[in-house]
Structures are given as structure tokens and as C-alpha cells.
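Hi there,

Here is the structure I promised to pass on to you. Please open it next to this email and follow along as you read.

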Amino acid sequence: MGVLNVTPDSFSDGGRYADLAAAVRHGVGMHQDGARLIDVGGESTRPGADRVDAATEADRVLPVIRELAALGVPMSIDTYRASVAAAALAAGASVINDVSGGLADPDMARVAADAGCPWILMHWRGHAKRMRELASYHDVVADVRAELAQRIADALAAGVAADRIIIDPGLGFAKGATENWRLTAGLPDLLSLGYPLLFGASRKSYLGALLAGADGTPRPTAGREAATIATSVLAVAAGAWGVRVHDVRGTVDALAVWQASGRPRLATPDPTDPTDPSNPSGPAGQAGTR
Ligand code: PMM
């Protein structure tokens, strides 16, 4: 999954793709580099970020989604607003990436159930302004697992099919470096929930802290690429279904090395791949019961 933030203020690529032509060019480039999904977002979720209203968010993402859809680029919409998700699906996105796991907007489950599209449920505890005060855990892996299990149960109760659900530990969302590393080591526990898992470490501040200079200054985002690739490969090796990254080519290259090494990724069903025989919306499953 390649990240396409159409925002003035995202922590790594804010402002770079605010112009429509530049955003479309970057989305096409990441797709050509091997991204199977382009994740289009119109509101920054970095800790402390200001909210934008729904109309502003939609105005940012919809023109990009329409153009990329016309070019055949598959996309997810990164939003926690049901109205934006519905408009994005109508404009050509095929997956909802909801960083709130359904908590921010009570209508999101209905939109996902009605559309029958894959829905990424990320672990989340509150909006960006409150994230830091919510980062308190007894045992972060067990707590995140239990909270994700509740999000899954809520989605199923709202009529979302089990094979449409993807989970995500939400690195950096109400989590500091210690929690992010514990969750990385704890991926097998999260995978034991039985759902495909998306892992989003790309350029996040805990990698900047890991790579800090002798004076303690965090490594700037542009210098976090090798660490991002290393953590992404570790996640895929542990069984993650996907990784959400800014530098698609480097990650695709590293994953090619992983596959060629003779230790191919664990087989997980792919809810976004219409050719996957286990996917009920694909050709093999269209006569199915969903
Ligand atoms: N991280 C960000 C935004 N959206 N979505 C999912 N599913 N998982 C993530 O870890 C995630 C996300 C923040 O990163 P960005 O500002 O670079 O987009």
C-alpha cells in the first residue's frame, strides 16, 4: 500500500501532493512501482493535528480518486468519516481504511456493510489532539488485541462480512516507541485473531528516535527509509498481509528479496484481490452466499 496524503500538514509528505496533477502523478508512480493499493487521505492524523471539516476533506480527496480510478489505479480511502468514505467509494476507491476502527463515526459500519468492500480496522483510542494522554496500557499487545477483537465483533454485528475485515495495530496512534516495538514483536498474537493484518511503520517518529544522533536529535523523516523497509520486511515475515509505506519501490524490492530467499510470505487470504479464490467478490466466489 502506497501512501498518498493530499494534505498540507502530514508529518512526512504534507504539502507535497496538495496539487491535483502532482498527487495523481505520485499515485500512478507508486502503482507502477508495485503498490497494489494507493491509500488516499485528506486529513492528517499526526499527533496534535487539527481536524478539518468533512467538506474540506472530500474536496481534497475526491478529484484525486476520480482521476486515479479513470487510470485503473486501485485505491483505499484513508478516512474515519462515513460520508467521505461513501463518496470516495462512489468516486472509485474500493477499500475503506478507517484509522478509528469504526469508533469515530457510527455510520461507518453501515457504509462498509452496504458496499461489501474491505474495511481496514485500525487500533485507535482517540483523535490526534488526545493521542498522547491515551497511551496507557497494562500489556500493550494483549490490550490492543482485545480492543481489536471488540472492533471486529462490532463490525460483524453491524453486518460486515468476516472476509471483508483487515486489522491494523495502529503504530504511533496512542503508542510510543516502546509500545510500537512490543506490537512488532507481538504480531503473532495479533494474527491469532484470524484476520489479514496491515502494518504501518513508514517513517514514524519511533524510527527517528531509534536512529537519533549522538546529541539525541531524532533522524528526520527523509532518513528513515532503510529502517522502514527493515520493519516492513519483519512484519511480512511474521505474516502481515500488507505494509503501508511512502517509498513503494524500496519496499517492493526488499519483499522480492524476501520471497526469493525461499521463505515466501505466509499465505493469507487477500480481501482486496478479485482473483483470490477465497475472495467472495472475485470471479471464483461470485456465486457464493455473501
Ligand atoms: N498511519 C497513518 C495514517 N493512516 N492507516 C493505517 N491503516 N495504518 C497506519 O499505521 C496509518 C494509517 C499516519 O501516517 P501518515 O501521516 O504518513 O499517513
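Let's begin with Arg 125, which counts as partly exposed because its relative accessibility is 23%. Keep in mind as you look that this is a predicted model. Arg 125 sits in the loop that runs between strand 5 (119-122) and helix 5 (140-157). Which residues does Arg 125 touch, once its neighbours within four places in sequence are left aside? They are Leu 134, Ser 136, Tyr 137, Asp 143, Glu 147 and Ala 174. The side chain of Arg 125 makes a polar contact with the side chain of Glu 147, at 2.6 Å. The Arg 125 side chain also reaches the backbone oxygen of Leu 134, at 3.0 Å.

Ala 174 belongs to the loop between strand 6 (165-168) and helix 6 (177-185). With a relative accessible area of 3%, Ala 174 is buried, because buried means under 20%. Its backbone deserves a look too. Most residues other than glycine have a negative phi. Ala 174 is not a glycine, yet its phi is positive, at about 55°. Arg 203 is also a non-glycine residue with a positive phi, here about 60°. You will find Arg 203 in the loop between strand 7 (198-199) and helix 8 (205-210). Is Arg 203 buried or exposed? Arg 203 is buried, with a relative accessible area of 14%.

Next, please find Ser 100, in the loop between strand 4 (95-98) and helix 4 (108-115). Ser 100 counts as buried, since its relative accessibility is 0%. Its side chain reaches the backbone nitrogen of Ala 104 at 2.9 Å. Not counting residues up to four places away in sequence, Ser 100 touches Tyr 80, Met 122, Trp 124 and Arg 151.

Finally, let's turn to the helices. Helix 2 (residues 54-70) and helix 3 (residues 82-91) have axes that come within 9 Å and cross at roughly 20°. That angle makes helix 2 roughly parallel to helix 3, because angles under 35 degrees count that way. The crossing of helix 2 past helix 3 is right-handed. On the helix 2 side, the contact is made by Ala 54, Glu 57, Ala 58, Val 61, Leu 62, Ile 65, Arg 66 and Ala 69. Helix 3 contributes Ser 83, Val 84, Ala 87, Ala 88 and Ala 91. Sorted by type, the residues of this contact are 10 nonpolar, 1 polar and 2 charged.

Helix 3 meets helix 4 as well. How do the axes of helix 3 and helix 4 cross? They come within 8 Å and cross at roughly 20°, so helix 3 and helix 4 are roughly parallel to each other. This crossing is right-handed. Here Ala 82, Ala 85, Ala 86 and Leu 89 of helix 3 meet Met 108, Val 111 and Ala 115 of helix 4. The residues of this contact are 7 nonpolar, with no polar and no charged ones.

Happy exploring!

Definitions and conventions: Residues numbered from 1 in each chain as written. Predicted model: local features only at pLDDT ≥ 70, side-chain atom pairs only at ≥ 80, totals over all residues. Heavy atoms only, no water. Axes fitted to C-alpha atoms, helices over the stretch in contact; angles between N-to-C directions. Helix = DSSP H or I, 4+ residues; strand = E, 2+ residues; numbered from the N terminus. Parallel < 35°, antiparallel > 145°, perpendicular 65-115°, else oblique. Left-handed = near helix turned anticlockwise from the far one by under 90°. Contact = heavy atoms within 4.5 Å. Nonpolar A, V, L, I, M, F, W, Y, C, P; charged D, E, K, R; others polar. Buried < 20%, exposed > 50% of the residue type's maximum accessible area, 1.4 Å probe, protein only. Polar contact = N/O pair within 3.5 Å; in protein donor to acceptor, adjacent residues only side chain to side chain.
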